[in-house]
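Here's a quick tour of some side-chain contacts, sorted by topic. Have the structure open and click along as you read.

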Amino acid sequence: MDVSEIREYLPHRYPFLLVDRVVELHLGESIIGYKNVSVNEPFFDGHFPDKPVFPGVLLVEAMAQISGILGFKTMQKKPADGSIYYFAGADKLRFKRPVVPGDQIMLYSEVVSERRGVWKFEVRSEVDGEMCSAATILCADR
């Protein structure tokens with residue numbers, strides 16, 4: 001999926017759309033995508049001016065967004081249909097490596113379960129094969 005199709009499945013827009021491309025998708029199972037990190041991103045002006053680091057909370061958001069695409073595609077729904085996917089929680093969240101401008105963040109998500117519109121995903125992010133973050137997240141379809 002390119003960014004045009006991604007925008008059909010996520011309501012986020014600049015500067016909060018954090019998935020640039022989906023490279024692998026198995027409906028109801030897993031997804032792989034990526035985010036290219038540029039020094040021109042607005043949050044680097046303050047996080048941190050002399051040593052830019054991609055905010056950890058945005059890594060979590062990027063993993064939630066890739067999971068949202070997997071959920072929407074699996075359910076054959078889009079935000080335009082009136083469906084919205086809320087980030088509902090995170091467990092076992094860990095940060096292992098900072099992300100800096102020039103990195104390409106690979107985003108991985110696997111479905112663990114779905115019950116009554118609440119989805120559980122195992123997610124992780126990597127740069128150059130090295131883990132940046134991992135978590136179990138919950139998303140709710142409303």
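Let's start with Cys-132: its relative accessibility is 0%, so Cys-132 counts as buried. Keep in mind that this is a predicted model.

**Cysteines**
- How many disulfides are there? The count comes to zero.
- Cys-132 isn't in a disulfide, and the nearest cysteine sulfur, that of Cys-139, is 19 Å away.
- A disulfide needs the two sulfur atoms within 2.5 Å.
- Cys-139 has a relative accessibility of 2%, so Cys-139 counts as buried too.

**Aromatic rings**
- You can find four aromatic pairs in the structure.
- In one of them, the ring centres of Phe-43 and Phe-44 are 4.8 Å apart with the planes at 65°, so this pair is edge-to-face.
- Phe-43 also pairs with Phe-54: their centres are 5.3 Å apart and their planes sit at 85°, so this pair is edge-to-face.
- Phe-43 and Phe-54 are 11 residues apart, and each lies in the loop between strand 2 (30-36) and helix 2 (56-75).
- Put together, Phe-43, Phe-44 and Phe-54 make one aromatic cluster.

**A charge over a ring**
- Look for Arg-124, which lies over the face of Tyr-108, at 4.0 Å from the ring centre.
- Arg-124 has a relative accessible area of 28%, so Arg-124 is partly exposed.
- Arg-124 also meets Glu-126 in a salt bridge (2.9 Å, N to O).
- Glu-126 has 14% relative accessibility, so Glu-126 counts as buried.

- Lys-92 is exposed at 59% relative accessibility, while Glu-122 is partly exposed at 33%.
- Another salt bridge has Glu-130 and Arg-97 meeting at 3.6 Å, N to O.
- Here Glu-130 is in strand 6 (residues 130-141) and Arg-97 is in the loop between strand 3 and strand 4 (104-115), 33 residues apart.
- Glu-130 is partly exposed at 44%, whereas Arg-97 is buried at 19%.
- Which residues form a network with Arg-97? Asp-103 and Glu-130 are linked with Arg-97 in a network of salt bridges.

Terms used: Residues numbered from 1 in each chain as written. Predicted model: local features only at pLDDT ≥ 70, side-chain atom pairs only at ≥ 80, totals over all residues. Heavy atoms only, no water. Phe/Tyr/Trp six-rings, centres within 6.5 Å; stacked < 30°, edge-to-face > 60°. Helix = DSSP H or I, 4+ residues; strand = E, 2+ residues; numbered from the N terminus. Lys NZ or Arg CZ within 6 Å of the ring centre and 35° of its normal. Buried < 20%, exposed > 50% of the residue type's maximum accessible area, 1.4 Å probe, protein only. Salt bridge = Lys/Arg side-chain N within 4 Å of Asp/Glu carboxyl O.
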